[in-house]
Amino acid sequence: MLIQEGKTATIHEKLVLIDTLERLGVSYHFHREIENLLHQIQDYYLKYLEKGPETFPAGIMEFLFPKHIENVEARTEIYNHRSILKVYIAGVFDKFKGEDNKFKETLKSDAKGLLSLYEAAHLRIRGEEILEEAAAFATYHLNLMLDDDDQQLLLEFPLLEEQVKRALQNPLHRGVPRIETRRFISFYEKDESRSELLLRLAKLDFNYLQNIYKKELSQLSRWWNELNLMPKLPYARSRVVESYIWATAFCFEPQYSDARLAATKTLQMLTLIDDTYDNYSTLEEADLFTHIIQRYAEWWNIDEIDDYDQIPDHMKIICEFTFSMYEEYEREAAKQGKSFAAPYAKESVKHLCRAYNKGLRWCMGGENSNMPRFEDYSVNTVITSCLYVFCSWMMPGMRHVSSKETVDWLMSDPKIIAASAKVCRFLDDLGSYQRERKEGRMLTGVDFYMKEHGISVEETADKFVELADEAWKDLNEEWIVNSGKTGRGYYRNIPKDMVEMVLNYARVAELNYRSLQDGFTKPEILAPHIATLFVDPIIM
């Protein structure tokens, strides 16, 4: 189909086919063919971009704001013409505005167009006021269509109504890829214009990957049960399945099995460490635990650490588990020819524990203590987001990571890491605030922000949503501009799957912490997604 479409189809038909393949979750099978089609489409549209907005043909919005910006070279070339695009959008908007500078009623009745505009606007970066206006306008009127009985007729048919509800809950660009795939298959199955061939392929592929996930989960559950740590650590969270959701969000394709296994084990390890700092240690014990983690990474021998016997038994269990993870990592890295990554993997855990310890001192200080500036807190939480640890501990399983250059990139503190980490941190703070306040033990970033700015909880919650949106704009800019060979190229030599993992980290954070909830702490929130991804196959 791809080869034939490349010869005979219109540009619009090619765009629809590529978009359908990507949203059905099967485009990873056809990278080369899609690449060829994208080059044809790119050449067609760029000649119009060079002439100016008044010459733009139909369909250019779909090209300039693709729902899945997978092709790196096309993505950066598109960005280079983004200023022209904004002029074009402004011109389109002007056509729909009356003398009072308000939108005419005609645009408000186009549900499908509003949905496309809404999705496109979530790829905006800082300073794009026209897209801010577009997002607000589309959001308002899509909600109005759902809420107003008279407007229900504008949704045309139930399929579009379902898509609008899904998009307003979570925009496609911010969704976890495999979860979005499952939803779209359900939508596509009801689409009268569907291709039965593509639908069958998507269902087979989804079930095929689900079977792989089941086998990996079985392997992980056996590993975790054999460790038998939870009876000795009753305060800690056992979250193997929930951790595996993060792992499949990072990289869902079959070839990344080793990376998913590593990510899941790593997140469970970090959960134990985090819970030990937060829930079961005094400041003095936390200081000593942090010291031992630093020393072991230098000496690799518990017998060489004089203070080891002074920590409580539960901390010794955590230390020994962490040290065994170090050893497993070294063996796997050596097996994959990536021993260059091992020193950074150890350093990332040391750095994380120092940040946890600093955060604990701030959060246990009490409301009358000298709280940190919110900016200082934010800098520290980029580290406690664990994103640096994930990137380094998944390297042996990331096939395209083959040199120390990726390690050097991580050590340079790239902006994309900070942006993705902040999305998670701001949403996590909102999701965990009520729980932490109810338990009366820990302060959160919400407390620090309220005290520094003298505002209410409600105002702070609104601000944190805004901060998360701003972080998304920074993440979009880094993803769109700096990843390509024709852009600024800051990450041009960094494997695409590593940069995508950073983007997907923010997406799975949205899944866990959206709507002021903490899905990682309360697994029942994630239960429907667990069933969809790992339990229930699609009926053929």
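## Around Gln294

Leaving aside residues up to four places away in sequence, Gln294 touches Lys350, Cys353 and Arg354, where contact means heavy atoms within 4.5 Å. This is a predicted model, in which local features need pLDDT of at least 70 and side-chain atom pairs count only at pLDDT 80 or more, while totals for chains, interfaces and linings use all residues. Residues are numbered from 1 along each chain as its sequence is written, and side-chain values use heavy atoms, with hydrogens and water left out.

Gln294 sits in helix α15 (residues 283-299); helices here are DSSP runs of H or I with at least four residues, numbered from the N terminus. Its side chain meets that of Arg354 in a polar contact of 2.6 Å. Such a contact pairs N or O atoms within 3.5 Å; within protein, one must be able to donate a hydrogen and the other to accept it, and residues adjacent in sequence count only if both atoms are side-chain atoms. Gln294 counts as buried because its relative accessibility is 12%, the cut-off being under 20% relative accessible area (1.4 Å probe, protein chains only).

## Cysteines

Now for the sulfurs: the whole structure has 0 disulfides, a disulfide being a pair of cysteine sulfur atoms within 2.5 Å. The closest cysteine sulfur to that of Cys353 belongs to Cys319, 8.4 Å away, so it is too far for a bond. Cys353 is buried at 0% relative accessible area, and Cys251 is buried at 5%.

## Helix α24

Helix α24 (residues 496-513) has 18 residues, and 16 of them are buried. Just after α24, Ser515 has a positive phi of about 60°.

Technical notes
Helix = DSSP H or I, 4+ residues; strand = E, 2+ residues; numbered from the N terminus. Expected span 1.5 Å × (residues − 1). Buried < 20%, exposed > 50% of the residue type's maximum accessible area, 1.4 Å probe, protein only.
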